[in-house]
Amino acid sequence: MIRLDCTQISVVIVCETCGIWHAFAFDKLEAWERAAAHEERAHPHLTQARDALSTYRKRARHAV
Ligand SMILES: [Zn+2]
């Protein structure tokens, strides 16, 4: 399970499955891209971050 902590200037990505992995991004799309890349590498049996990324991309496309 990966969650995002959004602040006003950045997004902190925390992987609760590892308990240790975390990363920073400047927006939510970048955050989910990094989370999905981590998930694919470290937790290939999970799809939560990749699902969230595809949902976010679809939503972002509709919003434009
Ligand atoms: Zn992890």
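Reader: Of the contacts between residues at least 6 apart in sequence, what percentage join residues at least 24 apart?
Author: In this predicted model, 24% of the contacts between residues at least 6 apart in sequence join residues that are at least 24 apart.

Reader: How does the radius of gyration fit with a compact globule?
Author: For 64 residues, a compact globule would have a radius of gyration near 11 Å, and because the chain has 11 Å, the two agree. Along the principal axes, the C-alpha atoms fill a box of roughly 35 × 25 × 15 Å.

Reader: Let's go inside, then: which residues of the largest nonpolar core touch the most other members?
Author: That core has 14 residues, and those touching the most other members are Ile2, Leu4, Ile13, Ala31, Trp32 and Ala35. At least two residues of the core come from each of strand S1 (2-6), strand S2 (11-15), strand S3 (22-25), helix H1 (28-42) and helix H2 (48-63), while the largest share, 4 residues, is supplied by H1.

Reader: What tends to happen to nonpolar side chains in soluble globular proteins?
Author: They tend to be buried together. As for this chain, 31% of its 64 residues count as buried.

Reader: What does Ile2 touch, leaving out residues up to four places away in sequence?
Author: With those left out, Ile2 touches Ile13, Val14, Cys15, Trp32, Ala35, His38, Glu39, Gln48 and Ala49.

Reader: Is Ala49 buried or exposed?
Author: Ala49, which lies in helix H2, has a relative accessible area of 0%, so this residue is buried. Leaving aside neighbours within four places in sequence, Ala49 is in contact with Ile2, Trp32, Ala35, Ala36 and Glu39. The C-alpha atoms of Ala49 and Glu33 are separated by 8.2 Å, although these residues are 16 residues apart along the chain.

Reader: Switching to a loop, why does Ser10 count as buried?
Author: Ser10 sits in the loop between S1 and S2, and Ser10 counts as buried because its relative accessibility is 17%, where buried means under 20%. Not counting residues up to four places away in sequence, Ser10 touches Asp5 and Ala25.

Reader: Last topic, charges: how many positive and negative side chains are there?
Author: The chain has 9 positive and 8 negative side chains, with the centres of the two sets lying 4 Å apart.

Notes:
Residues numbered from 1 in each chain as written. Predicted model: local features only at pLDDT ≥ 70, side-chain atom pairs only at ≥ 80, totals over all residues. Heavy atoms only, no water. Rg over C-alpha atoms; globule rule 2.2 N^0.38 Å. Buried < 20%, exposed > 50% of the residue type's maximum accessible area, 1.4 Å probe, protein only. Contact = heavy atoms within 4.5 Å. Lys, Arg positive; Asp, Glu negative; His and termini not counted. Charge placed at Lys NZ, Arg CZ, Asp CG, Glu CD. Core = buried A, V, L, I, M, F, W, Y, C linked by side-chain atoms within 4.5 Å.
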